[in-house]
Every structure is written in structure tokens, then in C-alpha cells.
Protein chains: 2
Amino acid sequence: MPSYKAPVEDTLFLLRDVLGYERHGNLPGFSDAPLEVVEAILGEAAKLAEEVFQPLNRIGDLEGCTRHGDGRVTTPKGFKPAYDAFRQGGWIGLSAPVAYGGQGLPMMLTSVLGEYMSAANLALAMYPGLTQGAIAAILAHGSDEQKSAYLPKMIEGEWSGTMNLTEPQCGTDLGLIKTKAVANGDGSYAISGTKIFISSGEHDLADNIIHLVLARIEGAPQGTKGISLFIVPKRLVQPDGSPGEPNGVSCGSIEHKMGIHGNATCVMNYDGAKGFLIGEENRGLNAMFVMMNEARLAVGVQGLAQSEVAYQNAAAYAKERLQGRALSGAKAPGKPADPIIVHPDVRRMLMSMRAFNEGARAFVLWTALKADIAHRSDTAADRQAAEDHLGLMTPIVKGVLTDIGFENTVKAQQVFGGHGYIAEWGMEQFVRDARIAMLYEGANGIQAMDLVGRKLGKDGGRAAMAFFNEVTIFLKENASDESLTGLTKALETALGHLQQATMWFMQNAVARPDHAGAGATDYMHMFGLVALAYMWVRIAKAAQAKLKAGADGEAARMKGKVETAKFFMQRMLPETAAQLARIVSGADSVMALDAEAF
Amino acid sequence: MPSYKAPVEDTLFLLRDVLGYERHGNLPGFSDAPLEVVEAILGEAAKLAEEVFQPLNRIGDLEGCTRHGDGRVTTPKGFKPAYDAFRQGGWIGLSAPVAYGGQGLPMMLTSVLGEYMSAANLALAMYPGLTQGAIAAILAHGSDEQKSAYLPKMIEGEWSGTMNLTEPQCGTDLGLIKTKAVANGDGSYAISGTKIFISSGEHDLADNIIHLVLARIEGAPQGTKGISLFIVPKRLVQPDGSPGEPNGVSCGSIEHKMGIHGNATCVMNYDGAKGFLIGEENRGLNAMFVMMNEARLAVGVQGLAQSEVAYQNAAAYAKERLQGRALSGAKAPGKPADPIIVHPDVRRMLMSMRAFNEGARAFVLWTALKADIAHRSDTAADRQAAEDHLGLMTPIVKGVLTDIGFENTVKAQQVFGGHGYIAEWGMEQFVRDARIAMLYEGANGIQAMDLVGRKLGKDGGRAAMAFFNEVTIFLKENASDESLTGLTKALETALGHLQQATMWFMQNAVARPDHAGAGATDYMHMFGLVALAYMWVRIAKAAQAKLKAGADGEAARMKGKVETAKFFMQRMLPETAAQLARIVSGADSVMALDAEAF
């Protein structure tokens with residue numbers, strides 16, 4: 001049976017020593033959370049993840065969710081008390097406004113919480129996770145009445161939330177939405193249609209479920225400009241604020257999926273259900289994108305989370321499993337064989353996962369802190385710069401962390417040899433569960449197109465230029481630090497590749513957009529590698545500083561950081577050269593064949 | 001529901017136009033199989049795969065195998081008649097000696113058969129597949145009596161076969177085997193112990209199961225030099241050759257696995273079962289390696305097979321699913337959206353799979369023909385050269401084709417977006433089924449070590465040098481062919497990288513074997529890419545020749561080959577530069593951390 005230990009120490013090191021968390025004290029909510037408080041909060045989150053969520057992970061996979069004849073859905077045994085523990089701990093509203101019952105703490109904390117909970121039990125963590133997305137959308141676009149009617153209950157976790165976008169004929173291309181909204185004359189609308197792939201669509205964890213539903217108001221323009229967003233509660237809210245009679249929405253079936261069996265992925269049928277418009281008519285996509293961007297960051301974190309828990313279990317197995325002898329001579333001569341961690345190819349796999357996990361964790365925290373600045377700074381320039389960063393990095397966090405996160409669950413499974421294929425070991429569940437994150441909230445090809453087609457050129461390329469400048473200045477400032485030379489040189493080369501690829505798009509993709517499409521995925525991954533490399537140099541610099549200062553009990557861990565940074569540069573970053581070669585080969589060979597040839 | 005069409009046309013093109021199949025007419029068995037006969041045979045194999053095996057693929061996954069209280073195992077509904085159709089068609093003994101009831105046809109045909117059947121239904125194809133491995137071991141090392149007692153029934157498929165190596169404490173490191181063999185005094189042995197992960201270990205498809213079991217004879221030396229191979233029939237064979245009383249072997253349980261649910265992966269308990277030594281005492285590993293090498297090639301083919309069927313279904317979906325508009329303007333303006341095959345990122349995924357599949361198919365056929373030469377040529381030099389090739393390429397075929405084959409099932413699933421995660425579409429089954437091939441018959445890290453640690457340096461590096469020479473001469477001969485310039489240049493660069501990596505190992509790995517271990521997987525993949533690139537230039541050359549000669553109805557297909565070759569060179573081969581960089585970075589950063597740091 002797999003286990004999990006939340007990496008609290010690593011999170012704290014990154015916040016304190018690498019990302020200068022304490023410099024953010026001027027932002028609202030941060031003064032309530034100095035590092036000692038952060039440490040205490042993360043300690044509690046870790047306990048919940050390790051002791052309550054993780055033990056239910058395999059049960060959830062085996063048992064799955066059950067839909068009854070009347071449309072009710074039962075979650076796996078133990079999920080309800082675990083959910084209750086989560087909501088009663090106030091975790092859903094950790095960063096939500098105090099005015100609606102939240103704790104107003106940094107959004108960064110919610111992101112860390114997401115990592116720990118998703119690593120422990122992805123299927124279970126998704127229930128409150130979806131609620132958080134719905135809260136964000138109502139906060140940003142709901143009326144004051146809507147906010148007071150829904151937010152306190154959602155933040156308290158008494159009610160949960162969902163996102164309803166997809167229909168059978170309509171995934172990425174939301175212009176194809178058919179779900180209809182007809183004005184009832186009393187300000188409300190009658191919503192009719194079928195939505196599919198609705199995570200947490202129906203369940204027994206909360207008293208009410210607040211569905212956010214994209215639909216087309218009768219007579220609205222075709223395409224994406226005729227779509228509106230509605231609040232459709234499972235049970236209509238009574239004047240006293242409590243849930244009353246059932247609304248015309250029901251779960252038609254639960255999908256049979258590859259993984260995340262513990263989460264009820266539902267087909268939702270809307271049959272004249274009463275819905276309430278959020279924001280303006282026909283501007284539903286704007287409102288939905290608030291939710292989506294939040295969700296995309298959270299999904300990227302899920303990729304990291306599954307990679308981390310899979311890594312931890314692979315490392316433990318590699319230290320225990322005896323098989324073969326070290327190439328350099330027996331390491332455990334008293335035992336029948338050496339532990340397989342002595343084998344360089346096993347190390348290669350473990351180091352790859354570790355270098356990704358620790359680098360990606362820094363990348364996520366860095367970006368999460370920008371979200372706090374974007375939402376909370378009182379300086380317009382800071383807000384804008386942070387928003388630029390967030391817009392640019394969101395598709396990268398989502399696409400790269402879920403792609404590599406999945407690959408790492410496969411690597412971790414590989415460390416187990418044949419045992420990795422056997423369900424009881426739990427490694428194959430990580431692979432099946434992690435796979436979803438590459439698909440939902442926009443398949444990763446869509447993330448790549450969002451980056452290359454939208455974010456890169458936005459405002460004259462301001463966001464990307466800011467990133468390039470930041471890294472360039474950092475490299476200059478640290479050019480004379482000999483302890484970092486190997487690392488900075490590697491980062492400089494990779495940054496050069498990224499700039500060349502960017503330039504190539506600028507010169508070629510306007511005339512032929514297919515050039516951008518053909519290189520988008522490679523570009524997204526290259527950007528991710530450069531961002532992680534930048535994180536790794538900063539991590540190594542912080543670690544070197546601690547080592548010079550004595551480092552107390554942390555010396556081994558800090559040396560590990562420096563070595564892992566080297567591994568990242570030598571073993572993972574060289575990929576940017578191949579990515580650049582592929583990008584500049586353009587669309588010709590990609591698009592050469594007729595569709596009929598396939 | 002997925003479908004499958006066996007790529008008979010492509011197999012024939014490769015044999016006829018690329019690999020010069022007809023030049024092999026001097027080998028025994030080949031004169032019975034001119035290309036027209038090959039075409040007819042493959043046509044029949046295709047029918048069986050498409051019409052009998054493929055429709056059972058999902059049923060097998062859903063139903064799995066059932067072990068009854070008495071140890072009997074029932075396979076999924078429909079498997080028995082399908083197996084009967086396969087064995088009655090004479091497919092098991094297609095390439096087996098005529099003397100034992102086989103057809104004596106080229107082994108290459110059995111390899112093609114393996115591709116089609118494994119693509120259609122991997123779990124089902126494994127039952128006769130294991131029998132073929134057992135036949136090979138008995139043929140190579142059994143006594144004449146053993147051959148006549150077992151081979152005819154196995155070749156006929158009335159009896160099936162298994163390989164019993166793994167034990168709970170012993171996977172890769174066969175020196176750790178504990179299963180005991182005690183001489184009974186009558187020439188037979190009493191075998192006792194537990195074997196795990198035994199594919200097709202118990203089932204209801206055959207009247208008898210011939211287990212080949214590795215065990216340690218009482219008093220034998222420790223480690224791999226004290227292991228012997230035994231025939232342990234499920235039912236003991238009576239003097240008249242029919243199966244009689246049950247032997248002391250039984251299925252203790254069926255493993256719960258990630259995939260290939262239709263194949264019974266068993267824990268086998270041996271409790272004083274009667275066993276018969278094959279070959280010499282304590283030389284069991286040698287005998288087992290015959291079986292293993294055969295099996296490793298077959299497993300590599302499984303990787304290709306799953307990649308091919310996943311690709312076919314992804315391509316079909318991409319042509320049907322309407323979503324979004326082409327970047328270059330609407331391609332299906334009359335429809336609500338364009339088919340997703342217009343999107344460059346979808347094309348990129350399809351082209352990657354296609355370029356791998358067609359190149360890998362050539363690589364497999366090329367290697368399978370070498371197996372025929374190695375076994376059947378009357379010229380010692382030809383046999384040796386073919387054996388060199390086979391020894392060198394076996395770990396590459398196994399390791400690379402199953403790694404990339406798996407990745408391609410993931411890519412194919414990605415083309416389906418969220419639908420790829422839903423079981424009914426069948427794409428997630430390909431991912432789960434293909435995953436096993438990276439693990440069994442030696443996890444892929446073991447293949448990489450076999451290549452770098454054993455095959456590369458064998459006989460002074462003769463095999464690798466022969467490959468480098470062949471490619472170098474080919475490049476010289478085609479240097480003036482301008483229609484191939486882009487392709488030959490790319491191959492030359494990649495070959496250079498491979499030679500540099502080889503040289504680096506020679507100069508560094510003797511003094512520090514960890515350098516070889518740390519670079520082994522990258523080296524194996526680099527070698528695979530160069531081999532596939534060599535195949536692609538030969539394919540493009542053949543296609544150009546056909547186009548010049550008119551090409552009749554094949555023009556579109558031949559142009560497709562030329563374009564796909566370009567794609568391979570521009571989009572897949574650049575990886576060798578990154579692989580080289582990783583290899584020459586050596587073992588330092590891989591091995592730097594203490595085991596306790598993980």
C-alpha cells in the first residue's frame with residue numbers, strides 16, 4: 001500500500017529562502033500569515049492529507065461512485081467523514097474573503113493545500129476543488145445578492161460547486177454549445193440540455209450543489225458570442241437561505257473512466273431547470289474563464305502532486321527491494337542482493353522525478369504568489385505585471401506539469417518492475433489517476449495554443465519580454481558567482497533557445513499560423529523547462545548561501561538541492577535544443593499529407 | 001468501439017520493395033513462400049485478427065479471467081472458440097519444423113502474425129504466444145524424446161506453454177531463485193516453490209499446459225550457476241502420449257492488474273510436482289535465454305502493435321470529430337466546425353505515431369529476416385552476421401518499441417480529448433494493455449543494460465561496428481541522390497551522435513561502469529532512432545523509385561512515405577542531440593546523492 005508524506009519542509013524552504021515570501025507582508029492577508037503561521041497551517045494540512053485523505057485513496061479507486069435508480073449518487077465509503085473534516089477545518093475558504101466567511105489568507109496557501117490533498121487522494125480532493133472554482137467565478141461576476149446567497153454556504157462547504165461546459169458535440173469549441181436558456185419572465189431562466197464529463201456533478205457530500213452552467217439564451221448570436229453563464233442550484237434556495245425544492249437537474253449516469261473512480265463524473269440532464277444569470281447576457285465565456293484559469297492552475301498542481309506521491313513510493317521501494325549488485329561492487333554484501341537504488345538507471349528515474357517535482361513546486365509557488373499580487377496589491381503596475389505573469393504561465397503550469405507529472409507516474413511504476421503493474425501496489429492507480437489532468441480543463445494541446453496563439457503576442461509580447469528580462473538580469477547579476485557557473489551557463493543556453501523559437505514564431509507564424517500550431521506543444525514544454533531551470537538556479541543559489549552560513553541540520557538537504565540542480569541542467573534541460581530544431585522545421589512535414597491519407 | 005485493420009499492404013511493401021524479401025529464396029522454407037503466398041497467408045491472418053480476435057478485445061478487458069475454488073481458471077467468453085480457430089488454422093506452428101507438425105515457413109511470418117494478433121487482442125494473443133516461446137526452448141535444448149513427446153501437441157495447440165522465472169523475491173536477479181528440485185531417483189525431479197506473474201499460467205483453452213520452470217537442484221551452486229530448467233506438465237503425459245493424472249502444480253490466484261485482463265497472470269504453486277530436466281544441470285539460464293530472446297522480440301512487436309491499433313482509431317476519430325476551425329481558414333465551411341485533423345497539433349500527434357509505426361515495422365521485419373538467416377542459412381559467415389545483428393537489436397526492439405509504443409497509445413488517447421478517458425471508447429484500454437510490455441520479459445532498464453553492458457562490447461564490438469559500417473556505406477552510395485539529400489544528411493548527423501556516444505562509453509565506462517549505467521537508456525533510444533532513421537531513408541528511396549516508375553495506384557501512398565520520412569527526420573530524430581548530451585554528462589549528477597537522501 002502506498003504512503004504519502006506532504007513535503008512541508010520543501011514548501012517552507014522555497015517560500016522562505018528562494019521566493020522571499022516575507023517581502024509580501026504588505027499584501028492584505030499576508031500579515032496574518034507570517035512564516036510561523038504558514039508552517040503551522042501547512043502542518044495541519046499535511047496531517048489531514050496523510051491521515052485522512054490518503055488512506056481512502058485505494059478504497060475510492062476500488063469502490064467508485066454508485067448512481068441509484070432515483071439519480072442519487074453515493075461516494076465511496078469514508079469520503080463523507082473525510083470531506084466533513086476538510087470543510088469543518090475551514091480549508092475551502094482558506095483564501096476566500098472574510099466578508100463571506102473565508103479566512104482571507106494568501107491564495108498561495110490554497111495552492112499548497114491543493115498539492116498535498118491531490119497527492120493524497122485526487123478523486124476526493126476534486127469535490128472541494130470544484131467548489132473553489134465556482135466560488136471564484138461568483139466572486140468575480142456575481143451580483144451582491146448572488147454572493148450573499150451562495151458564497152457563505154459554499155465557503156463553509158455545506159454546499160459544493162461544479163462547472164458545466166462540455167456537451168456531447170462540444171468540447172474545446174464552446175461556440176457549439178446547444179444547451180438552451182429561456183427567460184421565465186421573473187428574471188430567472190429555464191435551462192434545458194445535456195452536459196457531460198461533469199466532475200462532482202452529483203454526490204452525497206453536501207446539502208446542495210451549485211452548478212455553473214454555460215447555455216445559450218433564446219435568440220442569442222451564434223458561436224461564442226451568444227453564450228451566457230447561469231447559476232443552477234440542485235435545490236432551489238428558499239427565502240430563508242436554506243435549500244428547498246429540487247430543481248429540474250439530475251444525474252443521468254456516471255461515466256466509466258480510466259481512473260479517479262472516487263469522483264463522480266456525471267452526465268447532467270437539465271430539463272427546464274431554473275437558472276440565474278451571472279454577469280451580462282452573452283458574456284458567459286468571460287465569467288467562465290475566471291473559473292477556468294483558476295482551475296487550470298489547480299490542475300497543473302495535480303500533475304505535480306501525483307508525480308510527488310508516485311516518486312515517494314518509488315524511492316521507498318528502490319531502497320527496500322533487493323535485486324542484483326551495484327556495477328561498482330556490492331553495497332550490501334551481507335544481504336542476498338543490493339537494494340535497486342544502487343543501479344544508475346533506477347537513480348536516473350528517481351532523480352528525474354525529483355528534479356521535476358522540486359523545480360515544479362518552486363514554479364507553482366512563484367506563480368501562486370503572483371496571483372496574490374494580481375488580486376491584492378494596491379499598486380497598479382505590480383498588479384499588471386503579476387497578471388501578465390499569471391496569464392503567460394497558466395497554460396505552461398497546466399500543460400507541462402500534467403504532461404511530465406503523468407510521465408513521472410509511469411517512471412515511478414517502472415521502478416517497481418512487474419509489481420508496478422499489479423493493482424495492490426497502488427502504483428498503477430497513480431498512472432490512471434494522473435492521466436486525466438492532461439485532458440480536462442482544456443486538453444494540453446489547447447494549453448499550447450493558448451500560450452502561442454494568445455498569450456505570447458498579447459500586449460506586444462509584454463509578458464514574455466518581462467520574463468526574458470527577469471532571467472537575463474538574474475544571469476548578469478550572478479555571472480560572477482563561480483559556484484553557480486555550470487548552472488547559469490546551461491540556463492543561458494536554454495533561454496537563448498527559447499528566444500530563438502519566439503523570434504521564429506514572430507517572423508513566420510503571422511504569414512502562416514500553422515507554423516505556430518505545429519510548434520506549440522514543443523514551445524510550451526521548452527518554456528516550462530526554462531522556467532524550471534530558472535527556479536533551479538535560484539534554489540541552488542539559496543542552498544549555497546545556507547551551506548556557507550553553516551546550514552545546521554540542513555546541510556545534507558541543501559547539498560542535495562545543489563546536486564539536483566546539476567542533474568536538471570545536465571539531464572533534462574538539453575531537451576530545449578531538440579525542441580528548437582522541431583519548432584523551426586515548421587509546419588511543412590506536419591501538414592503535408594491529405595487528411596484522407598490517415 | 002475501436003476497430004482494427006491489419007496493415008497487410010504496408011508489410012508487403014516493406015518486404016518487397018524495401019527489404020528485398022525475394023533475395024532470401026535460398027533459405028529453407030522461403031521457396032514455399034514467394035510473395036504471392038506471403039500475401040495470401042497475411043490476408044488470412046488479417047481476417048482472423050480483424051474478425052475473430054479484435055471483437056473480443058473489450059469483452060476480455062471487462063470480464064477478465066476467473067479462478068474457481070478448485071484452482072481451475074475460466075477465460076473470457078469467446079476466447080475458447082477464437083483460440084480454437086487460431087490453432088486449427090495452423091498458426092502456432094507456422095514457422096515450426098515440419099518434422100513436428102509445423103509448416104516450416106519463414107520466422108518472419110510468425111513475427112508479422114504477432115503484430116496483427118497483438119494489435120487485435122493482446123491478452124488473447126499471449127496464450128499461443130507463450131506456447132511459441134516454450135516450443136523454441138524445447139527445440140533448442142530438449143532431448144529427442146522430449147521433442148517428440150511435447151512439440152507436436154504444442155505446435156498443434158492442443159497443449160499450451162508457459163515460462164516460470166519470477167518469484168516474490170526474485171525478478172531480474174535470477175540468482176535469487178529458491179524453487180527447489182529434488183531428484184526422484186527415476187530421472188525425474190520433485191519441484192517445489194512459488195512462481196509469480198505467470199502469463200497464461202492456468203486456463204481452459206488447452207488440454208494440457210507445459211510449464212517450463214527454473215529451479216535449483218538440491219546442492220547446486222549458489223547464484224545463476226546453480227539454476228536448471230524443467231518441463232513440468234500440468235497433467236503428466238501417459239505412455240500413449242495423452243495427458244493423464246494431474247501433476248502437483250496449481251494456480252494459487254490470479255493477479256489483479258492494470259490491463260491485459262483477458263490473460264490469466266497466475267501465482268503458480270509447485271508442491272513436489274514432477275519435473276523433467278531440459279538440457280544440462282545448472283545450465284538452465286542458457287536454455288531459458290533462447291526462449292527469452294524470442295519472447296523479447298515478440299514483446300517489442302506488441303509495443304508496435306498497440307501503437308498501430310491506437311493510431312488507427314485516433315486517425316479515424318480525428319477525421320470525424322468536428323471542433324474548431326483550421327488556423328488557415330475553414331476547411332468544412334458547410335459543417336458546424338472542421339474535423340480536428342485540420343489542427344496542426346493533432347496532426348503532429350498522428351504523424352509521430354505513424355512515423356514510428358511504419359519505421360518500427362520495417363525495423364522488426366528487417367530483424368525477423370535476420371532471425372531466419374541466423375537459424376537457416378547454410379553459410380557460417382551469414383549466420384554469424386545475422387546472429388550478431390539479432391543479439392544487438394533484440395534489446396533495442398524490446399526496449400524502444402515498447403517505450404514509444406506505450407507513449408503512442410497515450411498520444412492516441414489524447415487525440416480523443418476527454419472521451420479518451422472514458423472506457424467505452426476503448427482508447428484507455430490500449431494504454432493499460434500496452435503498459436505491460438515495458439515491464440515483462442525484462443523491464444526496459446534491463447534491456448538498456450543488456451545492450452550497453454553486454455551486447456555492445458561483445459566480440460570486440462563486432463555487431464555494432466557492422467551496423468555502423470552498413471549505414472555508412474549506404475550513405476556513401478546514396479550521397480549523390482538529391483531526392484534523398486535532406487534525409488541522408490539527418491541520418492548522417494544522428495549516426496555521428498551514436499558513434500560519439502559509443503566512443504564515450506569505450507573511453508569512460510571501463511574505468512567507471514556507472515557511466516554506462518547512467519547513459520544506457522538514452523543510448524538504447526538513440527540507437528533505436530538511428531535504426532529507424534536508416535529504415536526511413538531506405539523506405540523513402542524505395543518510394544521515390546516507385547514514383548519514378550509510375551507507381552500506378554500507389555502514388556499517394558508512396559508520396560505519403562516520402563513526406564513521413566521527412567517528418568521523422570525533422571521532428572523525431574533531433575532527439576539524438578539531447579540524448580548525446582545526457583550520456584556524456586556521465587554518472588556524476590545521477591549518483592551524487594546518498595541513498596538516504598531519497
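**Interface between chain A and chain B**

Four salt bridges are counted between chain A and chain B in this predicted model. One of the salt bridges joins the side chains of R582(A) and E575(B), with an N to O distance of 3.4 Å. Polar contact across the interface of chain A and chain B extends to 52 residue pairs, with both residues of each pair at pLDDT 80 or more. On the side of chain A that touches chain B, 43 residues are nonpolar, 24 are polar and 23 are charged.

The contact draws on 90 residues from chain A and 90 residues from chain B. Together the two chains bury about 7500 Å², and carbon and sulfur atoms account for 59% of this area.

The arrangement of the two chains was then examined. Chain A is superposed on chain B by a rotation of 180° with 0.0 Å of shift along the axis, at an RMSD of 0.0 Å. The two copies are therefore related by a two-fold axis. Within chain A, the C-alpha of A578(A) is the one nearest this axis, at 3.2 Å. Both copies use the same surface, as 100% of the contact residues of chain A recur in chain B.

Methods. Residues numbered from 1 in each chain as written. Chains lettered and ligands numbered in written order. Predicted model: local features only at pLDDT ≥ 70, side-chain atom pairs only at ≥ 80, totals over all residues. Heavy atoms only, no water. Contact = heavy atoms within 4.5 Å. Buried area = accessible area lost by both parts, 1.4 Å probe. Polar contact = N/O pair within 3.5 Å; in protein donor to acceptor, adjacent residues only side chain to side chain. Nonpolar A, V, L, I, M, F, W, Y, C, P; charged D, E, K, R; others polar. Least-squares fit on C-alpha atoms with pLDDT ≥ 70 in both.
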